[in-house]
Amino acid sequence: MQLEKLKKPVDIFISTFSIIVMGLLVICVTWQVFSRYVLHMPSTVTDEIARFSMIWVGLLGAAYTVGLQRHLSIDLFTHNLAGHKKAISNIFINICIFAFSLGVMIFGGFTLVANVYHSGQISPSMQIPMAYVYIALPLSGILMLFYSILFLIDNILALKENK
């Protein structure tokens with residue numbers, strides 16, 4: 001892939017950030033179990049941190065999966081394709097990802113963040129604006145959009161080379 005120089009730093013950032021957030025999630029859940037069953041005083045803050053961490057890991061993991069092209073795509077019909085037909089199939093898949101990322105993840109995500117921000121909704125335990133939690137949705141969409149554009153360019157170039 002010719003565009004690997006653009007993709008690699010983004011991959012490293014997402015994977016490193018996701019590992020850190022997943023580590024935080026494990027620590028919070030472990031502390032929650034310990035404080036509930038050993039200390040008999042459950043921590044409400046760690047419960048909230050774990051929930052928010054799960055949201056971030058799930059959404060950024062989805063973007064990372066798109067970057068690895070391990071996303072859910074039905075390959076029953078396209079598994080045996082090669083060359084020109086495979087490139088067209090990949091272009092179609094990446095156009096679908098592009099449209100979903102732009103419409104649902106980015107537009108819908110920013111709409112959600114704006115509505116939550118203007119409503120002043122805050123988390124019960126940590127008292128942080130919920131917009132900070134929900135910003136993961138459009139951020140993940142931007143990353144998915146970035147990857148779909150890279151793969152579209154790469155597949156269009158491959159299609160032109162095969163002609």
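Q: By about how many helical turns are Lys-7 and Asp-11 separated in helix α1?
A: Residues are numbered from 1 along each chain as its sequence is written, and side-chain values use heavy atoms, with hydrogens and water left out. The model is predicted: local features need pLDDT of at least 70 and side-chain atom pairs count only at pLDDT 80 or more, while totals for chains, interfaces and linings use all residues. Helices (H or I, at least four residues) and strands (E, at least two) are DSSP runs numbered from the N terminus. Because Lys-7 and Asp-11 are 4 residues apart in helix α1, their separation is about one helical turn.

Q: At what N to O distance do the side chains of Lys-7 and Asp-11 meet in a salt bridge?
A: Side chains of opposite charge can pair when their charged atoms come close. The term salt bridge is used here for a side-chain nitrogen of Lys or Arg within 4 Å of a carboxyl oxygen of Asp or Glu, and 2 of them are counted by this rule. Lys-7 and Asp-11 form one with an N to O distance of 2.6 Å.

Q: Are Lys-7 and Asp-11 buried or exposed?
A: The classes rest on relative accessible area with a 1.4 Å probe and protein chains only: under 20% is buried, over 50% is exposed, and values in between are partly exposed. On that scale Lys-7 and Asp-11 are both buried.

Q: Which helix gives the most to the lining of the second largest pocket?
A: A pocket is found on a 1 Å grid over the protein atoms alone, as an open set of points where a 1.4 Å probe fits, with protein on both sides within 12 Å along at least five of seven lines, and its lining residues have an atom within 4 Å of a point. The lining of the second largest pocket includes Ala-62, His-71, Cys-96, Phe-100 and Met-105. Helices α2 (44-67) and α3 (83-119) each supply at least two of the lining residues. With 5 residues, the helix that gives the most is α3.

Q: What is the volume of the second largest pocket?
A: Its lining divides into 8 nonpolar, 3 polar and no charged residues, where Ala, Val, Leu, Ile, Met, Phe, Trp, Tyr, Cys and Pro count as nonpolar, Asp, Glu, Lys and Arg as charged, and the others, Gly among them, as polar. The volume is the space filled by probe spheres set on grid points, which are joined across faces, edges and corners. For the second largest pocket this comes to about 160 Å³.

Q: What is the relative accessible area of Ser-101?
A: Ser-101, one of the residues lining the second largest pocket, lies in helix α3. Contact meaning heavy atoms within 4.5 Å, Ser-101 touches Ile-106, Gly-141, Met-144 and Leu-145 once neighbours within four places in sequence are left aside. Ser-101 counts as buried because its relative accessible area is 0%.

Q: How many residues does the largest nonpolar core have?
A: A nonpolar core joins buried Ala, Val, Leu, Ile, Met, Phe, Trp, Tyr and Cys residues through side-chain atoms within 4.5 Å. Among the residues with the most contacts inside the largest core are Ile-14, Trp-56 and Met-144, and Ile-14 touches Leu-60, Tyr-64, Leu-143 and Tyr-147, not counting residues up to four places away in sequence. The size of the largest nonpolar core is 15 residues.

Q: What distance separates the C-alpha atoms of Leu-150 and Leu-3?
A: Leu-150 is placed in helix α5 and is buried, because its relative accessible area is 4%. Leu-150 and Leu-3 are 147 residues apart along the chain, yet their C-alpha atoms are separated by 6.7 Å.

Q: What is the relative accessible area of His-40?
A: His-40 sits in the loop between α1 and α2, and its phi is near 60°, a positive value in a residue other than glycine. His-40 counts as exposed because its relative accessible area is 63%.
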